[in-house]
Structures are given as C-alpha cells and as structure tokens.
Amino acid sequence: MKQRKFWVICSFACMIGIAVSAGASAQRCFKSIEQAKQSGECVECLDLSKSRLKQLPPELFEFKDLKKLILSRNSLSGNLDSLSLLSKLTYLDLSSNYIETLPESLACLSIDSLIMWDNPCRNLPQALSKWDLRYLDMRAIQMTLKEQKAIKLLFPLAKIRMDHPCNCGSGR
C-alpha cells in the first residue's frame, strides 16, 4: 500500500511539473510595443492588430526573437521590406490592410503561416516559393482562376484558403 501511494504521489508531482513547464514555455502575445518592452521578457509574439498603423514602427525591429507577428486591421499599404530583419519570424498576419504585394526580400524568412485575407494582393513574388509554407489564407481577395493557380503552384504543399475565382478580368 505504501508503494502504491508513493507512485501516485510521484505521478501527481510529474503531472504538475509537466503542466508548469508547459505554462512556462507557452508563448505570451503582447498587445503593444510598450507592453512588450516593459515586460523584460523574450518577446516571441506581438499583436499590433487594430493599432491604426500606416507604416511599420521602427521599434518593432528591436524584438529579434519575434516568431509571430499580427498586423491585421491596420492601414499598411507599402514598404514591408524591413520585415526581413525579423529573422526568426514564422507566422505573419497581414490581413485586412491595403497590401498589393509582398516584397521579394521576405524570401529570406522561414514563414510557415501567412494570413493575407482582405487585401488587394492578387499575386505573390516567385521568390517566396522558398518558404516552407504550411498555411496561406487569401480569402476576400478577388482573383481570377489563373491568379489563384499561380499562387497554388508557388506553395504546392500548403493548405490554401481562397474564395471562388471571379470573372474580374483576363486570365479565366
């Protein structure tokens, strides 16, 4: 009986240890640059959605360990080249902005998830095919069937979400 109690206690202690270590390694996502700076933590996730950004803030590039960046629902439209400085970035959410295309300079990143829905972006540069993309969301973007096929060819192994193609120009 004593041996059984010992194993129950050991099992319980082990489960607590696993839960604590999982909680410690869980990625905390900061809601502002100021909050992230004040935390004193290694910043791996930053959610700047609905921040009224028209351009990328220079302070963003202080976070060298950033893996997940959410920039949705802003007013970003151009010059995203500097995102290439975030060398550990794997998840990028640019949804609901005014982005027409992504720069080829981002090909140096290891992006595995790209969220682009609700942007006027109808194509992606060939250079981005270097990514080992697992997930791409390009819903709410009017594209012809030809444009959709070109994007699917860039990322043949990715799960890609798109709306039905439109008759919105040539390339049917």
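Q: What is the mean pLDDT of the protein chain, and what share of its residues reach 70 or more?
A: The mean pLDDT of the protein chain is 87, and 83% of its residues reach 70 or more; pLDDT is the predictor's confidence in each residue, from 0 to 100. This is a predicted model, in which local features need pLDDT of at least 70, side-chain atom pairs count only at pLDDT 80 or more, and totals for chains, interfaces and linings use all residues. Residues are numbered from 1 along each chain as its sequence is written, and side-chain values use heavy atoms, with hydrogens and water left out.

Q: Over which residues does pLDDT stay under 50, and how many contacts beyond four places in sequence does the model have there?
A: Residues 10-25 stay under 50, and the model has zero such contacts for them. A contact requires heavy atoms within 4.5 Å.

Q: What pattern does the protein chain follow along the sequence?
A: The order is α-β-α-β-β-β-β-β-α-β, from three helices and seven strands. Helices (H or I, at least four residues) and strands (E, at least two) are DSSP runs, numbered from the N terminus.

Q: What makes Cys29 and Cys45 a disulfide?
A: Their sulfur atoms lie 2.1 Å apart, and a disulfide is a pair of cysteine sulfur atoms within 2.5 Å; the pair therefore qualifies. A search of the whole structure finds one disulfide. Cys29 belongs to strand S1 (residues 29-30) and Cys45 to strand S2 (residues 45-47), so the bond ties together parts that are 16 residues apart in sequence.

Q: What makes the approach of the Asn74 side chain to Leu71 a polar contact?
A: A polar atom of that side chain lies 3.0 Å from the backbone oxygen of Leu71. The side chain of Asn74 also reaches the backbone oxygen of Ser72, at 3.3 Å. A polar contact is a pair of N or O atoms within 3.5 Å; within protein, one must be able to donate a hydrogen and the other to accept it, and residues adjacent in sequence count only if both atoms are side-chain atoms.

Q: Why does Gln148 count as buried?
A: Its relative accessibility is 4%, so Gln148 is classed as buried. Gln148 is placed in helix H3. Among the residues it touches, not counting those up to four places away in sequence, are Met143, Met162 and His164.

Terms used:
Buried < 20%, exposed > 50% of the residue type's maximum accessible area, 1.4 Å probe, protein only.
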